[in-house]
Amino acid sequence: MSLVVRYYYNGAIHESFLCFQPAETLNAEGLSQMIVRCLERHGLDYRNNLVGQGYDGASVMSGKHSGVAAKIQSNARFAFYVHCNAHCLNLVLVDATKSVPEVVDFFALLQQLYNFISGSYVHLRWLDVQQKLYPSQQPRELQSLSDTRWACRYAACRNLRDRLPAVLKLLQDLSLEKHGERSVLARGLLSQIDLQFLGLLVTFCEVLGDAKCLSDMLQSSTLNLARAVDLVQSLKSTFHNYRSDDYFSKLWKEVEELAQQCEIGVQADKKRQRKISSKFLDSLMMSSVGQRNWNEEDFPRALFYQVIDCLISELDRRFSGKNCEIMHGVQSLNPNSATFLNNEPLFAYAQTFESDVCDLRHEVHQTKRLLERRMKRGLDKPASLLEFLVFLEPYKEVFHELFRLCKIAIVIPVSTASCERSFSALKLIKTHLRTTMMDDRLNHLAILSVESRRARALDMDDFVNNFATSHQNRRIMLL
């Protein structure tokens, strides 16, 4: 288990790695005790100063009654649980795509194309085809799909879209060879790359591109909850704009251009009209009541709208803040929010953290007057929650309650990306030559690696002098 502490210091947000803990027991009681012991060992007053917990959403961590978050909050009443927002975005993409059968088949075909082309013989042919079709460009590789990082599937869709003519050329050549299994697989894959596949490929290049931008931003260690809410709302607005006839017409032109490059027909084959008996002309129902009867020509549009609707629905479900006083309270401290310093959400947020509402009311009034005088002098208004906190810091003795609430809002965890990054450092530290080292040495090396910027800023001469003066009986003289 990796533990990272998030705090505000000297006008900036910091996320500092504490240590790795061996998870000897995986139940909620054992994990919560392990976290508490680590905080106490580092001298942190978690009972009074811990204002948030961030985990990846596992049931043993997020359980409402007997999870790790609930057990820690029973001792630290302000330690509210926050589900990692980057993980929530990943779940949005997973659930939205699983609800559309055509999308499930699309990604399955994408993975099958990667598996087929990554074979030794086929891969050599793949490089040759790219060299012939794109002689002035570096060859590209198709990407395997990740089950845990869906935003990274954007690279897989983008590479396939850019090299789709080469993929079709390769499959056509292999299908003509007299090699039983390989030729059959090539013909099978070739027959499934149709107009619907192209439409979904272009759609997910756009959708996953936007989702990847949000995912990268949510993983920033300096991002606060107010900014995260703005970014999620921006993605929702983008998806709502996608659901329009103008945008679909623009996207369909890209599909037609890609189909023309790949020599795939755009017009679907029309089926023969069923002849209706004259006996049933007055009693036959031709369309369902309350729903639009999509025909063959409208099917790509209907599929596109279905994908976008599922994404919007999952975003609303996973990032819903309607009943969350903390979310509304954080937004009321954001200068870019429409509810900035609004009494109702701010006072509810203050009561959650047991602040004095009467003092806060007076502080809000005085803060508004300070901001008005600042703008009259030609100075800019604070543009973010962090800038607003820095603006209040010189007056923290006067605006004690408001300054405290801003600090809480700024340090509430947004994602667990820093913990994930520490495991990347663990792979570099604990190599096969260091498998016998103890946990203390591992933690010390991990701190030096993860906090490398601080380590490089230390004065090594002070450490050498301290060591030499502390060990007078040493025979080795350090100079």
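**Aromatic contacts in a predicted model**

User: Which residues form one aromatic cluster?
Analyst: This is a predicted model, where local features need pLDDT of at least 70, side-chain atom pairs count only at pLDDT 80 or more, and totals for chains, interfaces and linings use all residues. Residues are numbered from 1 along each chain as its sequence is written, and side-chain values use heavy atoms, with hydrogens and water left out. Rings of Phe, Tyr and Trp (its six-membered ring) pair if their centres lie within 6.5 Å; planes under 30 degrees apart are stacked, over 60 edge-to-face, the rest tilted. The one cluster is formed by Phe239, Tyr242, Tyr247, Phe248, Trp252, Phe304 and Tyr305.

User: How many aromatic pairs does the structure hold?
Analyst: Pairing follows the ring-centre cut-off of 6.5 Å. The total for the structure is 21.

User: What is the angle between the planes of tyrosine 55 and tyrosine 81?
Analyst: The two rings form an aromatic pair, 6.0 Å centre to centre. The pair counts as stacked, with its planes apart by 20 degrees.

User: How many residues apart in sequence are the parts that this pair ties together?
Analyst: Strands (E, at least two residues) are DSSP runs, numbered from the N terminus. Tyrosine 55 lies in strand 3 (residues 53-55) and tyrosine 81 in strand 4 (residues 81-83). The pair therefore ties together parts whose separation in residues is 26.

User: Is tyrosine 55 buried or exposed?
Analyst: Buried means under 20% relative accessible area, exposed over 50%, partly exposed in between (1.4 Å probe, protein chains only). Tyrosine 55 has 12% relative accessibility, so it counts as buried.

Key. Helix = DSSP H or I, 4+ residues; strand = E, 2+ residues; numbered from the N terminus.
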